[in-house]
Amino acid sequence: ALLVTQVATRFRDQGAPEIDIAIAPGLPQVRIDPVQGERMVQHLLRTVLSVTPVDEPVTGACWFQPDGGAGRVAFAIDRPSTLTGMEETQLLDPGYDGTGDWVDGPLLGLGFSLRLIRGLAATSSGGLAIEPGRLLLTIPAVAATGGMADLA
């Protein structure tokens, strides 16, 4: 929760559009190297911000997902309107942009950025799922605790 809040605040302070991430109270710590965790969250937010129209807020949520073990912390960012209807294969294609040039897109391309985030998550037994309405980053939690809120 602290990591997501800090990264979002940093982007807001740099003039990014509105970022509204609902964070469930009492989230457990995640089982990840702090530098890797910050890198993933920062890349995910930067990538989404780069393809979000200026007048459109970036929205999402962060919550605990129990899974029978220690569980996972999930961080979802809603797809901006520019990514509506795009299939996972299109989003992960390093050369795809729909118009031939995505001026404000991530420096190395949307597909490259998403595959990078997915790879970083996998090194920590996490993952990046591309769902119809959102991008969902999951990271294993250190230990499950009772009473976690579920915003999914």
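Guide: The expected span of a helix is 1.5 Å times one less than its number of residues, and the model to which this is applied here is a predicted one.

Visitor: What does helix 2 reach from its first C-alpha to its last, and what is expected at 1.5 Å a residue?
Guide: Helix 2 covers residues 34-51 and has 18 residues. The expected span uses one less than the number of residues, and the distance from first to last C-alpha comes close to that expectation, with both values given as 26 Å.

Visitor: Which residue's side chain reaches the backbone nitrogen of Val35 at the start of helix 2?
Guide: The contact involves a side-chain oxygen, which comes to within 3.1 Å of that nitrogen. The residue that supplies this oxygen is Asp33.

Visitor: Which element gives the largest share of the largest nonpolar core?
Guide: The core has 42 residues, and among those touching the most other members are Leu44 and Leu45. Both leucines are listed among the buried residues of helix 2. Leu44 touches Phe75, Ile77, Ile117, Leu128, Leu135 and Leu137, leaving aside residues up to four places away in sequence. The largest share, seven residues, comes from helix 2.

Visitor: In what order do the five strands form the open sheet, and which are the edge strands?
Guide: The pairing is mixed and the order is 1-2-3-5-4. Each edge strand pairs on one side only, and these are strand 1 (19-23) and strand 4 (127-130).

How values were computed: Residues are numbered from 1 along each chain as its sequence is written. This is a predicted model: local features need pLDDT of at least 70, side-chain atom pairs count only at pLDDT 80 or more; totals for chains, interfaces and linings use all residues. Side-chain values use heavy atoms; hydrogens and water are left out. Two strands pair if DSSP finds at least two bridges between them. Helices (H or I, at least four residues) and strands (E, at least two) are DSSP runs, numbered from the N terminus. Buried means under 20% relative accessible area, exposed over 50%, partly exposed in between (1.4 Å probe, protein chains only). A polar contact is a pair of N or O atoms within 3.5 Å; within protein, one must be able to donate a hydrogen and the other to accept it, and residues adjacent in sequence count only if both atoms are side-chain atoms. A nonpolar core is a set of buried Ala, Val, Leu, Ile, Met, Phe, Trp, Tyr and Cys residues joined through side-chain atoms within 4.5 Å. Contact means heavy atoms within 4.5 Å.
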